[in-house]
Amino acid sequence: MMTIVRLTGLEELDGLGLAELIKTKEIHPKELLDDSIKKLEEINPKLNAVINVMYEQAIHSIKDIDYTRQFPGVPIFLKDITQEIAGEPITSGSKAFINYKASKDTAFVKRMRDTGVLFLGQTNVPEFALMGITEPEFYGPTRNPWDSEYTPGGSSGGSAVSVATGVVAIAGANDGGGSIRIPGAYCGLFGLKPSRGRTPVGPNYGRLWQGASVDHVLTRTVRDSAAMLDELNVCEKAAAFQALPFSEKYLDYVDKPFSKKLTIAYSLISPLGTKVDQECKDAVMKAVKQLEDMGHHVEEKTAPVDGRKIANSYISMYFGEVGATFSALESILGRKVKQSDVEPSTWLLGLLGNSLSAKDFVLSLREWDKASYLMESFHHTYDFYITPTTAFPPASIGELGLSTMEKNLVKFVSTFGLGKLLSKGGFVERLTEQSLERTPFTQLANLTGQPAMTLPLHQTSNGLPCGVQFMAARGQEHHLFQMAGLFEQTSDWIDVSKNPFYQSTNS
């Protein structure tokens, strides 16, 4: 077997930097690919970021590279849900889909392929991307490279780890309730969730999670994210939603100063009224001080929405989507879905989805629309809204899983057909709080369709990254990139290469 020699210095470059080396023929795509493979083989047994490798396919694709593209020959990973690659499995983190293979590229994947990248594999996700941690029973947990006893977050946890370790500079991700921003915050990365309708969703769907979920990428640098969104920014005519047109280049805004002093709101209060860890508050206050030092006006002001209603309407969508996924799975399996096909928590959500009425589902979507108008008005006054990305630093591996007692409760409820009973007596409200109390800040932007980003601006006393979330009005991604570019030049920006798994190893 050929020994792959890991090249020095490449881990210091982002995707655009690597692309430039390839375009100028200072490095061959095969050399870069070999380098990524070598690093993956070193870290994956310890961190479990990638669940399907595509080495041969990537090598075979080198001959088809168009060197005029933005990222020719740059290896990336895609996420093991919705980002379907023709002929490859897509399991959504579940054993139930282990035999399913995609018949064609999704529109997002096709658009990514057109940038010139090479697909190196698929990253680990929680089952059906339903959790803010990445610990599927079928594949096992993905671990945080800053400390492998902790979660990297979810649901794009595998993608975050592949970037945070320097295996790749860019990885595909999506965000239906914080799934780009949460792992970005926990792994010390930049992560932007675009406006609803900004990136492709077809051809199998016209909307993902009723428009709450949007595909994009996780990166180490702001400019990689901006350059990729330039490539992914499309008006998909068949899609249910289209974002406000943007004809300029996002990349041009990364180094562009603001032409005016900004008015910015921030909040340290959980929308659920639950606890927010002091480290997460400290992260926000660092950003506030930086902005004030830049001359901007910053004031404490909570978003004008009912956080509890937003959370409940988000969870209702969860229930319905899991129920719909079960229906799709039945078509694939040719039989009814059984409790043993999925994880206990997923089964519980499916039971609740089946008990949710059409009226309740419609009422929950109306809350999204109300919040959208309220936030649009809010942004007439405030250019940005800042919160902690998460209410707590990363949890330890296994900390947030179901207990044996809870698993037995799910089994009991299922056996005796008590799904409808669960929707009564405040159970859903308690489940909502338990599910979202650690990550209550990110869902709002998904429901309103606004763009939002996490910036790596703080580390906890034990060295774990802690992110700061910025939200802007719908269609204002360019201003988020502008703001991120400013912070990227400050000393508060976390150097992700300082984590113990991001070290150059030569052999």
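In the predicted model, Gln210 is placed in the loop between strand 5 and strand 6, and its phi is near 60°, a positive value in a residue other than glycine. The loop between strand 5 and strand 6 (214–219) is also the place of Pro203, which is joined to Gly202 by a cis peptide bond with omega of about 0°. Most residues other than glycine have a negative phi, and most peptide bonds are trans. A further cis peptide bond runs from Gly154 to Ser155, with omega near 5°, and Ser155 lies in the loop between strand 3 (118–123) and helix 5 (157–164). A positive phi, near 55°, is likewise found at Ser92, in the loop that runs between strand 2 (75–79) and helix 4 (107–113); with a relative accessibility of 13%, which falls under the 20% cut-off, Ser92 therefore counts as buried.

Helix 1 (residues 15–23) is mostly covered, with 7 of its 9 residues buried, namely Gly15, Leu16, Gly17, Leu18, Ala19, Leu21 and Ile22. The elements that cover these buried residues include helix 2 (29–47), strand 4 (170–175) and helix 7. Helix 1 packs against helix 7 at an angle of about 75°, the two axes being 8 Å apart, and the two helices are therefore roughly perpendicular to each other. In this contact, Gly15, Leu16 and Gly17 of helix 1 meet Arg223, Asp224 and Ala227 of helix 7, a set that divides into 2 nonpolar, 2 polar and 2 charged residues. Just after helix 1, Lys25 adopts a positive phi of about 60°.

On the side of helix 9, the contact involves Tyr318, Phe319, Gly320, Val322, Gly323 and Phe326, which meet Thr346, Trp347, Leu349, Gly350, Leu352, Gly353 and Asn354 in helix 10. By class, the contact of helix 9 with helix 10 has 7 nonpolar and 6 polar residues, and no charged ones.

The largest nonpolar core has 40 residues, and those with the most contacts inside it are Phe470 and Met483. Both helices and strands give two or more residues to this core: the helices are helix 7 (222–232), helix 8 (278–293) and helix 16 (477–488), and the strands are strand 5 (190–193), strand 7 (263–266), strand 9 (384–388), strand 10 (452–459) and strand 11 (465–471). The largest share, 6 residues, comes from helix 8. Leaving aside residues up to four places away in sequence, Met483 touches Phe258, Leu262, Ile264, Leu291, Phe384, Met453 and Phe470. Apart from this core lies another, of 39 residues, among them Leu130, Leu329, Tyr382 and Ala452.

With regard to confidence, the protein chain has a mean pLDDT of 92, and 92% of its residues reach 70 or more. Over residues 1–7, by contrast, pLDDT stays under 50, and for this stretch the model has 20 contacts beyond four places in sequence.

Methods:
Residues are numbered from 1 along each chain as its sequence is written. This is a predicted model: local features need pLDDT of at least 70, side-chain atom pairs count only at pLDDT 80 or more; totals for chains, interfaces and linings use all residues. Side-chain values use heavy atoms; hydrogens and water are left out. Contact means heavy atoms within 4.5 Å. Helices (H or I, at least four residues) and strands (E, at least two) are DSSP runs, numbered from the N terminus. Ala, Val, Leu, Ile, Met, Phe, Trp, Tyr, Cys and Pro count as nonpolar, Asp, Glu, Lys and Arg as charged, and the others, Gly among them, as polar. pLDDT is the predictor's confidence in each residue, from 0 to 100. A nonpolar core is a set of buried Ala, Val, Leu, Ile, Met, Phe, Trp, Tyr and Cys residues joined through side-chain atoms within 4.5 Å. Buried means under 20% relative accessible area, exposed over 50%, partly exposed in between (1.4 Å probe, protein chains only). Axes are lines fitted to C-alpha atoms, for helices over the stretch in contact, and angles run from 0 to 180 degrees between N-to-C directions. Angles under 35 degrees count as roughly parallel, over 145 as roughly antiparallel, 65 to 115 as roughly perpendicular and the rest as oblique.
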